[in-house]
Every structure is written in C-alpha cells, then in structure tokens.
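We'll walk through it one stop at a time.

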Amino acid sequence: MQTRSETPATIGGALRSAWRSTALRVSVSAALLVLLFRLLPLDDVWGALTGVGATLWLAAIAAYLSAHLLGVVKWRLLVNTAGAALPRMDAVRCYYLGLFGNTFLPSVVGGDLIRAGAALRRVRSREALVLGSLVDRVQDMLALAAVAGIGALLLPTALDDRSRRVFGMFALAGIAFGGIVLLALRLLPGRRFPLRFRRRLVRIRAAYRALSRRPRALIGAVLLGMLLQLAMIALSAWLGSLVGLVVPFQVWLFVWPLAKIAATVPLTQGGLGVREAALAALFAPFGVEPALAVTASLAFQFALISGGLTGGVLYVLMGRMRGATGTAAAPVMTPGSLTRPHARL
C-alpha cells in the first residue's frame, strides 16, 4: 500500500523543490562569477586558463582522483571501525560517486549523503556507516582548521591581532561543537524515545563505543585527512603556478583551507563563485592580484569538476565489473551483533 509520503503529488512536489533549489544555487554562482568578471580582466583570466596544455589538465585530474584514494582509506577506516564492514572496492566506488555528487549538490555534505546512500546495501550496519561518515566529515573540517592553523603559525607577521582572535574563535567553536556532539551521543536519554528509535540509538551507541575503543584508528584517520588536504593544497598551488600565481607554500596552507570552508556554505552550486571570491579576498593581504587569485581558483575548479564527472564514470564502470563477477552484498548486521563489531580494515 502506498503511503501518503509516497504519493505521486508528494514526489512531484519534492522534485520541483529540488529543481528550484538547484536553479537558485546555479543562479547565485552565475551572478557571483559575472560580478567577479565585470570587476576583473576577463581576457587575462581566459588567456591564462587556455594557456595550460591538455596534457597538464589530464595530469591534474589524475592527481585529483589519485589523492582522493587517501579519502577512501580514511572513510572506510572510520565506518569499518564502527562496525560497517564495507568491502574495499565498494568503498572506492561509493566514494567516487560522492565526488560526482559534490559537483551537482550545494556542498560537500550533499556528496556525503550520496556516498552513504550508495553504500547502505553494502554494509552490515547502516548505523555504523552513518556514524562513521559523520565522524569522517567532522574530521575533514578539523583537518582543514588544523592545516590553516599550521599556515597561520608559519606566517606570524601576516596576521594582525584581530585576525588571530577571529581564527581562535573559529577553532574554539569547532572544538566545542565536536565535544557537544560526542557528549550528546554518550548521555542522550534513550528511554524517552519510541521503541523503534531506541533500537536505532542502541546501534548508534554501539558504533560509537566501537570507535572510541580504537583511538589509533581515529588518530590515523585524522592524519589521513590532513594528508588529503595537503595533497589538495599542493595540487592547487601547482595549478596556480601554471597560471602565474607563485607564492610561498605556507600562504597556500593558510588561505586554501579557509576558502574551502567558505565554499561549504550551501548557497551556490558546488561552492562555485564563493571559493573564487574568498580566495581573492584572502590572497589580497599577500599582494596577489584578485584576477590571478580567481584564475587559480577556476583552474582548481576545473580539476574538481572534471574529477567529479570522472568519478561518476568510474562508479558506473566499476558497477558493471562488479555485476560481471557476481559479488553479493554484505548481510545486514543484527542489533546484537553490533556489540561485537569485527571491522574489516
């Protein structure tokens, strides 16, 4: 029997809402880019981008996808430590689908949802998958903040006292948010909720305990996250040098993470437009012309979008290969079995 939430009218309304939301984000991105190009010399920007040869663009896309294998290892480490038992090839396939989703959804969080949704039928515990994915995203944000902090420490004269205070407030807010989430998972009074929700809460708590009992896995995930962000910064710096933006690497360490955090705000399509404006503003104190900063950002955006589209193609191709081998999905883990998770790392 079809429930009310599954009626054609409701589904049609949800689709129309999604299309309107996408159209709005695309419009905001286009408006920001038009504004930037009206203020900047478009011919110079276009000339710098077209001056990069096709071979170098292909190398950048390959480097982007290869670096994200660190992200695959990190994500799988976290979800499997929580008890998901996600197979290796499924992790690669679903992760690259998440990169594809990042291209079309408002922020990286949307890509995370696509990635987790694709993996739901391939794990033993959906709650472990969700919790591990949430921890993965929180750790990514903490890794960005940590890398930006390292950049700030390496540039003591580039920040005034006010900028240091603002950066410190953001760092404290992030630490406080993470602490509140962990405390809530530990102290949430489950008996006040319906039985069905309590069962899910038991599984989530079991996954949380599995994670907390493996501090080495958490530390390893943090280090992998920082390595991934450093790889993305190195790729951005290399692409920036190809279009003429040459600054010390420690400047990239400080500027790039902050611009990426700004781009996660779900106002534009994949952060397009926001990242460019943020980089132009953040590079300004270091004597970088806005046109050059925007050009370097667009170069990375090209690698990001092309890499995301390639990730979608890889998802399809790997799915066909998987179907040809007849690999079966992992069985769903029962609530009791989550108390003794056996992570396949």
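**Stop 1: helix 5**

Select residues 88-104, which make up helix 5: its 17 residues reach 25 Å from the first C-alpha to the last, close to the 24 Å expected at 1.5 Å a residue. That expected span is 1.5 Å times one less than the number of residues. Helices here are DSSP runs of H or I with at least four residues, strands are runs of E with at least two, and both are numbered from the N terminus. Helix 5 is mostly covered, with 13 of its 17 residues buried. Buried means under 20% relative accessible area, exposed means over 50%, and partly exposed is in between (1.4 Å probe, protein chains only).

A word on what you have open: this is a predicted model, where local features need pLDDT of at least 70, side-chain atom pairs count only at pLDDT 80 or more, and totals for chains, interfaces and linings use all residues. Residues are numbered from 1 along each chain as its sequence is written, and side-chain values use heavy atoms, with hydrogens and water left out.

**Stop 2: the whole chain**

Zoom out and show the cartoon. The chain has 13 helices and 0 strands. Of its 345 residues, 44% count as buried. Among contacts with a separation of 6 or more, 76% join residues 24 or more positions apart; a contact means heavy atoms within 4.5 Å.

**Stop 3: a loop residue**

Now pick alanine 85, in the loop between helix 4 (69-81) and helix 5. Alanine 85 has a positive phi of about 55° although it is not a glycine. Is alanine 85 buried or exposed? With a relative accessible area of 1%, alanine 85 is buried.

**Stop 4: into the core**

Next, select leucine 129, which lies in helix 7 (residues 126-154). Leucine 129 has a relative accessible area of 0%, so it counts as buried. Show its neighbours: leaving aside residues up to four places away in sequence, leucine 129 touches Trp75, Val79, Ala84, Ala116, Ala119, Leu120 and Val123.

Jump to one of those, tryptophan 75.

What is the largest nonpolar core made of, and which residues have the most contacts inside it? This core has 66 residues, and those with the most contacts inside it are Tyr64, Trp75, Leu129, Leu239, Trp252, Phe283 and Phe300. Helix 13 (residues 290-325) gives the most to this core, with 11 residues. Apart from it lies another core, of 7 residues, among them Leu78, Leu131, Ala217 and Leu224. A nonpolar core is a set of buried Ala, Val, Leu, Ile, Met, Phe, Trp, Tyr and Cys residues joined through side-chain atoms within 4.5 Å.

Alanine 221 is at 0% relative accessibility, so it is buried. Draw a distance from its C-alpha to that of tryptophan 75: they are separated by 7.8 Å, though 146 residues apart along the chain.

**Stop 5: aromatic rings**

Rings of Phe, Tyr and Trp (its six-membered ring) pair if their centres lie within 6.5 Å; planes under 30 degrees apart count as stacked, over 60 as edge-to-face and the rest as tilted. By this rule there are 6 aromatic pairs. Select tryptophan 252 and phenylalanine 283: their ring centres are 5.1 Å apart and their planes are at 80°, so the pair is edge-to-face. Tryptophan 252 is in helix 11 (residues 249-263) and phenylalanine 283 in helix 12 (residues 274-283), so the pair ties together parts that are 31 residues apart in sequence.

While you're at helix 12, note that 7 of its 10 residues are buried, so it is largely enclosed by the rest of the structure. Then look for Tyr64, Trp256 and Phe300, which form one aromatic cluster.

**Stop 6**

Finally, colour by pLDDT, the predictor's confidence in each residue, from 0 to 100. The mean for the chain is 74, and 60% of its residues reach 70 or more. Among the elements, helix 1 (residues 8-39) has the lowest mean pLDDT (55) and helix 3 (residues 54-67) the highest (94). Over residues 328-345 the pLDDT is below 50. Where pLDDT is low, the predicted coordinates should not be read in detail.
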